[in-house]
Amino acid sequence: MEAKTHEAEPQEHQTSHEWGPQVWTHLSTVRGRSPLVQCITNFVSMDLMANTLLSAGASPAMVHELQEIPDFTPRADALCVNVGTLSTEWLPAMMAAAEAEVRSGKPWVLDPVAAGATRFRLKACLELVGLRPTVIRGNGSEIIALSRASVGPTKGVDSSHESTDAMEAAKALAQASRCIVAVSGAIDIITDGQRVVGAQNGVAMMQKITATGCSVTALIAAFVAVDPLHAFEATASALSIFGIAGEIGMDMAKGPASLRMHLIDSLYGLDEATVLRRVNINRLP
Ligand SMILES: Nc1ncnc2c1ncn2[C@@H]1O[C@H](COP(=O)(O)OP(=O)(O)O)[C@@H](O)[C@H]1O
Ligand SMILES: Cc1ncsc1CCOP(=O)(O)O
Ligand SMILES: [Mg+2]
């Protein structure tokens, strides 16, 4: 039987002013509870993803061996599945872990990296979507490809679309898959198929650091782990917090490499006043 943990009555839309305290509560709860996040992710992202989770106060574990899933996954508070360096050998572990999370009523988050680049990848992503992720987070091109279930010309893991180009695709995917869909970009779009908000934190230089998208997906998993009944709000909070850390990090950075370091430091050091002042989440039409 499928456990029903991550569906609550939709709340009314809030103003940006009202989001601040909620975003701070999500971050403080992650720091206080330190959720264990199992990550089955690509080789490129493992380091930045683990460090992002640690600096936010969560506990990362990169566990991807199929034989370990039955022992390990039930102990995780959330799961992050990322198909960035997908191979035939890894897919069964991703599927088994997702099924285990759903069975134990825990949230899991999918990052469909380069979903539209190859037929193998698209088919795998569609199978994973069928296992009811709590949240899907991709860039504009990935969400469009997944929503249309189509392979096409892509820039691989990078987006050739603005996040706003994927607004309707995101809504359709959220409705069809009954999950939260987040599209990252200059404006991060978050939708449950009905409500749509935009988180406008972050800096463009974050696109020049590999695995920032992967890492914010894992951060979403940590935030949803501590508030599974409000996955929509927790997803917006995670994207906003990561963006704020990027904004503060950019004040000290000289380029992508130092931004990577300062982003992690800023995420670790975020305080309540800064979060309340900088959160920029608004309803979108
Ligand atoms: N133009 C931009 N302005 C501000 N933040 C951005 C911009 N582009 C991407 N970001 C941020 O960078 C992070 C990674 O997003 P993105 O580059 O879209 O993902 P991916 O790496 O999966 O393609 C997200 O936190 C997103 O909000
Ligand atoms: C470069 C690369 N190639 C396969 S996965 C990957 C990392 C992609 O990370 P992100 O989607 O966060 O930019
Ligand atoms: Mg990505």
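Mentor: First, how the angles work: axes are lines fitted to C-alpha atoms, for helices over the stretch in contact, and angles run from 0 to 180 degrees between N-to-C directions. Also keep in mind that this is a predicted model.

Trainee: OK. At what angle do the axes of α9 and α10 cross?

Mentor: Roughly 125°. The two axes come within 8 Å. Helix α10 covers residues 256-269.

Trainee: And what do we call that arrangement of α9 and α10?

Mentor: Oblique. Angles of 65 to 115 count as roughly perpendicular and those over 145 as roughly antiparallel, so α9 and α10 are oblique to each other.

Trainee: Is the crossing of α9 and α10 left-handed or right-handed?

Mentor: Right-handed.

Trainee: Which residues of α9 and α10 meet?

Mentor: From α9, A245, G246, I248, G249, M250 and M252. They meet L259, H262, L263, S266 and L267 of α10. By class, that contact has seven nonpolar, four polar and no charged residues.

Trainee: Which residues make the contact between α8 and α9?

Mentor: V216, L219, I220, F223 and V224 on the α8 side. On α9, they meet A231, A234, T235, S237, A238, L239 and F242. The class count is ten nonpolar, two polar and no charged residues.

Trainee: What about α2 and α8, what angle there?

Mentor: About 40°, and the axes are 8 Å apart. Under 35 degrees would count as roughly parallel, so α2 and α8 are oblique to each other. This crossing is right-handed. α2 contributes L48, M49, T52, L53 and A56, and α8 contributes C214, S215, A218, L219 and A222. That contact has eight nonpolar, two polar and no charged residues.

Trainee: Switching to the sheet. How many strands, and in what order?

Mentor: Nine strands in an open sheet. The order is β2-β1-β3-β4-β5-β6-β7-β8-β9, and the pairing is mixed.

Trainee: Which strands stand at the edges?

Mentor: β2 (59-61) and β9 (281-283). Each has a single partner strand, so one side of each is left without a neighbour in the sheet. On average, neighbouring strands are turned by 20° against each other, direction ignored.

Trainee: Which helix packs on the sheet?

Mentor: α2, residues 46-56, is one that does. It touches β1 (36-40) and β2, and its direction makes about 155° with that of β2.

Trainee: Do β6 and β7 run parallel or antiparallel?

Mentor: Antiparallel, joined by three bridges. One of the bridge pairs is V181 with T191 of β7.

Trainee: Now the ligands. Which residues come nearest to ligand 1?

Mentor: N139, S184, G202, M206 and G213, out of 18 residues around it. Its shell has seven nonpolar, nine polar and two charged residues. α8 (212-226) and α9 (231-252) each supply at least two of the shell residues.

Trainee: And which residues are around ligand 2?

Mentor: N42, V44, S45, G84, T85, V113, V157, T210, A211, T212, G213 and C214. The class count there is five nonpolar, seven polar and no charged residues.

Trainee: So where does G213 sit relative to the ligands?

Mentor: G213 is among the residues nearest to ligand 1, and G213 is also listed around ligand 2.

Note on methods:
Residues numbered from 1 in each chain as written. Chains lettered and ligands numbered in written order. Predicted model: local features only at pLDDT ≥ 70, side-chain atom pairs only at ≥ 80, totals over all residues. Near = placed C-beta within 6 Å. Helix = DSSP H or I, 4+ residues; strand = E, 2+ residues; numbered from the N terminus. Nonpolar A, V, L, I, M, F, W, Y, C, P; charged D, E, K, R; others polar. Left-handed = near helix turned anticlockwise from the far one by under 90°. Contact = placed C-beta atoms within 7 Å. Pairing = 2+ DSSP bridges.
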